[in-house]
Amino acid sequence: MGLEVVFLGLLVLIVVSALGAVLVRGYITSVVVLSVFSVLTTVSFAFMHAVDVAMAEAAIGAGLMTAIFVTAIDRIRGQR
Amino acid sequence: MLQQAMYVAAAIVFGIGLYGVLSRRDMVKICVSLSVMESSLIMILVALAYRPDAAAPIIVDGVATYVDPLPHALALTAIVIGAGVLSVALALTVIVHRAHGTSNIAVVFRRGR
Amino acid sequence: MKMGHAAAAIIALASSAAVLTLTLVFAVTGGEAPQLAGAMTSGSVAASGSVNVVTTILLDFRSLDTLGEASVIFASVACVGVLFRGSRRIGTEPGLGVLVRRSVGYLSALFLLFPLYIVAHGHLSPGGGFQGGVSLAVLLILLTVAYGSRPMATAVDPSRLHMTESLSALGFLMAGFVGVLQGTSFLANAAAGFPRGVPGSLLSGGLIPVLNAIIGVKVASGLGSIFFDFQSERGE
Amino acid sequence: MTHILIMVIIAPLAAAVAGSIAVYWSERLLRCVVAASAFAHAVFVTSIIVYVGDEGSMLYEVGAWVAPVGIMLYADALSVVILLILSAAHVVLVLHTFSAARASRGATWILVELLVAALSGIVVSGDLFNMFVFLELATVASIGLVAHKRSATGAGAGFVYLLFALVSGLLFMIAVVLVYRATGVLSLSGIAAEIDRAPEQAVRVVAGLLLGSLGIKFGLVPFHFWQAPAYEAAGSSAAALMSGAGMKVYLYVLIRLIFHALRVPVIVPRIGVVLLALGATSILFGHLLALAQRDLKRLLAFSSVAHVGYIFLALAAVSRGGSIGAAAAYGAILHICFHALMKSTLFYSGRSMIVRARASATERMRGVGRAEPLGFAAFMLAAVALVGIPPTSGFYSKWRIALDSFAGYGAFPVVVIAAGTVISMLYYARVLHLGLAEGERPPVTGAERTPTAALALVALLSLGTFSMGVAGPAIEAMLTGAAAVLADPEAILAVTTGGAA
């Protein structure tokens, strides 16, 4: 039972971080919240026994895409 | 129970992402929203595969029931495809910003006309 | 695509509700668990000798999907390359302090082991070519951040990265043709005579570890070169 | 076992990979690879046509796995027609670009080959999710082609296109999830066999999602924003490939999934009215929007939307089944083939006019008919065929569609077709008027003239739009076969286990 409560709390955090990523002002903040969202979904995938998916989401969502987002934002900033 | 909760969360996340795509004007923010929307689909796929009291789909002696591995494979494929498409979207954003001096999509629409 | 926030919120709410009802309703009325899942799970070891069912699906049962997915990455690399063509210049990002560089340098050996392990054990434990390849790309990014873009660009020539990706894509196609030459099918595994090995051991799974290795190299070089393209984009 | 079916995907894919290596040495080597790929693709498609002509259908097990577990490739008389269109478009694109002799940038060829591989994959794939993967590949390749000029509008158009394509992909993916949940399989034949057990509501929702997803790809009316800027930004040859062949492949997906895999017309007969409404709005709005355009390529883009509408009208009649459906299927196939030919001709001949006028705005076309008579004549011939003036192929297929939809749905679709024809006559008449008007001739330098070889190809194409009207019996047999498959709701069900290893 305890584990289920943890999982529900995790889902709530996922929703909140998704909302944050979309609504927050500022590029970098938004991307950081997005990567937090990604990490949280990774944990939820592991909960659901989707280990392969969790691994891919961790590497791509939290790692690679964050780096590409940040670089792209850096390029946009650099033009100003 | 866990499965239903995951569906609910996925649907809400989908709605949030769609709201972002529809209401944001900044192309970077639209990319973030698209990424959120894609994640919601992965969540649905993972929830779809879930069976209570089943193990992860790696064959071990003495375990009889496993979660459905096929949606996991589909989810993996979708994640990788999503990453590829999203990086193209970001590249376009950089180019548009260089051409127009802004990443506001409304400008792109107006100039395109 | 531009609309008022209220309208956007209403549409988003409606479609969110729609997705919810769809998934929940079909979860209830969709009937018993699909038999296909059972067939795939119980058939995995017999089919290829791989213990990880998801890997078996990706690289044996539905390997054409994986070829398509690898092609999408290839297309993205080509797209980003086309978009940033002519405006690439090696950056002047300075990198981080000596202490960070040293520690990242020492740690990178450790970080290198992790992707290699994931790729090599793709048929045994969670992970595989894609996950390992992406981790490898992330390692490259980490080194770039620590050492600055100029030393990295000399160490990892972007055009050589492109070439590596193309060659590994060719490797994937050639591995597929073994099945054709053996008289069965494109991308055939056990049917083309690849040994299944002892399930659970490192040397098992026939073609699967080979494909995992190829995909690992391909994804790492492909995504890595996308990152370097972004990194060195400097305008006209 | 023959490996032709998989080779149709592998050949252009390998060409893209080999091309990306060859480009390091020389542009010429890359061109050789592309030419070899176009030739090989044509040879493979021809041998599929011959095989299917003899045997009726063709199956291939990728990785030696049979359908529900593995992915099977499948081709029948209908797929063969689409493959022929695709291969022809590929060959024409290669020939035209080579003869037009403008230095083409290497990477663009790689994207073209990837697009051809993706479209071939969509056509021969017998698996729902595999189709999705190839659809995404086609999307990424198309975006590269739209944005490759890196003009200010190009990147913006590419982003808007990508936005719509991503939404389209998401809708398709949701449909895949629902189908898997409802039937437990992903292969098209398996879905066709299991779909009866699924709740009717599920079929309705999935059909709606697929119509939405593909409607975005066609640029049907509520989703028409992306298409005109995309075609405006893309090169004319890329636009010809995307509109001439790509659009037909997406129509094929619609037919395969809605009519054959999900068998929607049998389970939800009301789909006919939906298709009719979508078709009618597309015809009217597409033509009206085309009339409002002041740019040649945008005009052609919206005209494509209208012509998807005609095909939708025919499909609406097909969904009625019986003899009406069988007759309407022939009209649909005819229009798919003729439109592919006519639209490609318009884009290629339009290119020669654009090159001469140094702009694609219609206002700048003043006097272009005198400066570039051959290209202009070819454009006008194809336009006449597309409008549907009697001796042309366009008249023949439109007439068939009008008759069949009258049989199915009364006078309403006929009125819509007539109105659409009048509007389209108006906008082509304006181009004709401007082209023949007295205008100061723009100074011509060598680079701005389209080479004679390319013009000859365009002329050949436009003559084709006429001669197709009195088509030879060989192609007639092929089209009848395709129409028979299209009208048969159990087309895929019948071949479920055939050819299993």
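The lining of the largest cavity draws at least two residues from each of these helices: H2 (27-47) and H3 (51-79) of chain A, H2 (27-49) and H3 (69-100) of chain B, and H5 (128-147) and H6 (152-183) of chain D. Helices here are DSSP runs of H or I, at least four residues, numbered from the N terminus. This is a predicted model, with local features needing pLDDT of at least 70 and side-chain atom pairs pLDDT 80 or more, while totals for chains, interfaces and linings use all residues. Residues are numbered from 1 along each chain as written, chains are lettered from A in the order written, and side-chain values use heavy atoms, without hydrogens and water.

A cavity is a set of points on a 1 Å grid over the protein atoms alone where a 1.4 Å probe fits but cannot get out; lining residues have an atom within 4 Å of a point. The volume of the largest cavity is about 370 Å³, counted as the space filled by probe spheres set on the points, which are joined across faces, edges and corners. Of its 29 lining residues, Ser35(B), Glu38(B), Ser39(B), Ile79(B) and Gly82(B) are the closest to its centre.

Next, Ser103(B). This residue sits in the loop between H3 and H4 (105-112) of chain B. Is Ser103(B) buried or exposed? Ser103(B) is buried, because its relative accessibility is 3%, and buried means under 20% relative accessible area with a 1.4 Å probe, protein chains only. Beyond neighbours within four places in sequence, its contacts (heavy atoms within 4.5 Å) include Tyr27(A), Arg25(B) and His97(B).

Terms used:
1 Å grid on protein atoms, 1.4 Å probe; cavity = no way out; pocket = protein on both sides within 12 Å on 5 of 7 lines; lining within 4 Å. Buried < 20%, exposed > 50% of the residue type's maximum accessible area, 1.4 Å probe, protein only.
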